[in-house]
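Hello,

Here is the structure I promised to pass on to you. Have a look at it first, and then read my notes below.

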Amino acid sequence: MLKVEEQQPVEFSSALTAKFDEIVKRYPEGRQKSALLPILHEVQAELGWLSTDAMNKVAAYLDIQDIEVYEVASFYTMYFLKPQGKYMLEVCRTGPCCLVGAEKLMSHIENRLGVKENEVTPDGLFSWRGVECLAACGYGPVLQIGPEYTFYENLDEDKVDKLIEDLRRK
């Protein structure tokens with residue numbers, strides 16, 4: 001697994017830069033910075049996370065300052081600033097879900113996967129984290145699994161174990 005300390009130089013594929021060009025065309029002349037979020041999504045989809053080098057190359061492409069990309073990427077939780085597992089399990093950790101077992105579920109996931117929050121399993125398949133409200137307060141505890149962001153509700157330990165096993169078999 002690639003570690004943050006082992007960042008390798010990033011070269012965007014011609015297909016990816018063609019997507020960048022397509023995205024930038026959606027915005028008025030001189031407003032290419034408006035394309036930043038969708039371009040970051042494309043980079044993360046291809047590379048799995050946003051390394052400093054990748055963010056610097058996005059800044060150069062958009063002709064903006066590196067810090068402008070860092071500010072956006074570090075503000076939004078949907079962008080990963082370090083390598084993640086192939087599947088990201090995101091558990092709602094706000095009040096209503098906690099009242100019905102979200103904290104117990106997060107502890108179970110940590111024990112089941114053998115990694116702490118935001119770490120990657122040795123096989124590179126899984127990471128997990130607690131997130132803010134997933135807007136399903138009446139169906140908690142809930143989690144979503146990226147990169148597809150499939151949504152699961154009314155969870156317990158057995159249901160989570162089944163989800164993990166199903167993902168391992170994919």
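**A partly exposed glutamate and its partner**

Glu 110 counts as partly exposed, because its relative accessibility is 26%. Please keep in mind that this is a predicted model. The side chain of Glu 110 meets that of Lys 116 in a salt bridge, with 3.5 Å from N to O.

**The chain as a whole**

Stepping back, the protein chain has seven helices and four strands. Read from the N terminus, their order is α-α-α-α-β-α-α-β-β-β-α. Along the principal axes, the C-alpha atoms fill a box of roughly 50 × 35 × 25 Å. Of the 170 residues in the protein chain, 41% are buried. Among contacts with a separation of 6 or more, 61% are between residues 24 or more positions apart. The accessible surface comes to about 9,600 Å², and carbon and sulfur atoms account for 51% of it.

The largest nonpolar core has 25 residues, and Leu 89, Ile 109, Phe 126 and Leu 143 touch the most other members. Two or more residues of this core come from each of β1 (87–92), α6 (102–113), β2 (126–131), β3 (143–146) and α7 (157–169). Helix α6 gives the largest share, five residues.

Which residues does Leu 89 touch, leaving out those up to four places away in sequence? They are Ile 109, Phe 126, Ser 127, Trp 128, Arg 129, Gln 144, Ile 145 and Ile 164. There is also a second, separate core of 21 residues, with Phe 20, Val 43, Ile 64 and Val 72 among them.

**Charges and salt bridges**

The protein chain carries 19 positive and 28 negative side chains, and the centres of these two sets lie 3 Å apart. The salt bridges number 13.

One of them joins Lys 57 to Asp 53, whose closest N and O atoms are 3.3 Å apart. Both residues lie in helix α3 (residues 52–62), four residues apart, about one turn of the helix. Lys 57 is partly exposed because its relative accessibility is 28%, and Asp 53 is partly exposed at 22%.

Another pairs Arg 169 with Asp 166, at 2.7 Å between the closest N and O atoms. These two lie in helix α7, three residues apart, about one turn of the helix. Arg 169 has a relative accessibility of 61%, so it counts as exposed, whereas Asp 166, at 29%, counts as partly exposed.

Finally, look for the network of salt bridges that links Arg 112, Asp 123, Asp 161, Glu 165 and Arg 168.

Best wishes

Terms used
Residues numbered from 1 in each chain as written. Predicted model: local features only at pLDDT ≥ 70, side-chain atom pairs only at ≥ 80, totals over all residues. Heavy atoms only, no water. Buried < 20%, exposed > 50% of the residue type's maximum accessible area, 1.4 Å probe, protein only. Contact = heavy atoms within 4.5 Å. Areas by Shrake-Rupley, 256 points an atom, 1.4 Å probe, with all protein chains shown as cover. Lys, Arg positive; Asp, Glu negative; His and termini not counted. Charge placed at Lys NZ, Arg CZ, Asp CG, Glu CD. Core = buried A, V, L, I, M, F, W, Y, C linked by side-chain atoms within 4.5 Å. Salt bridge = Lys/Arg side-chain N within 4 Å of Asp/Glu carboxyl O.
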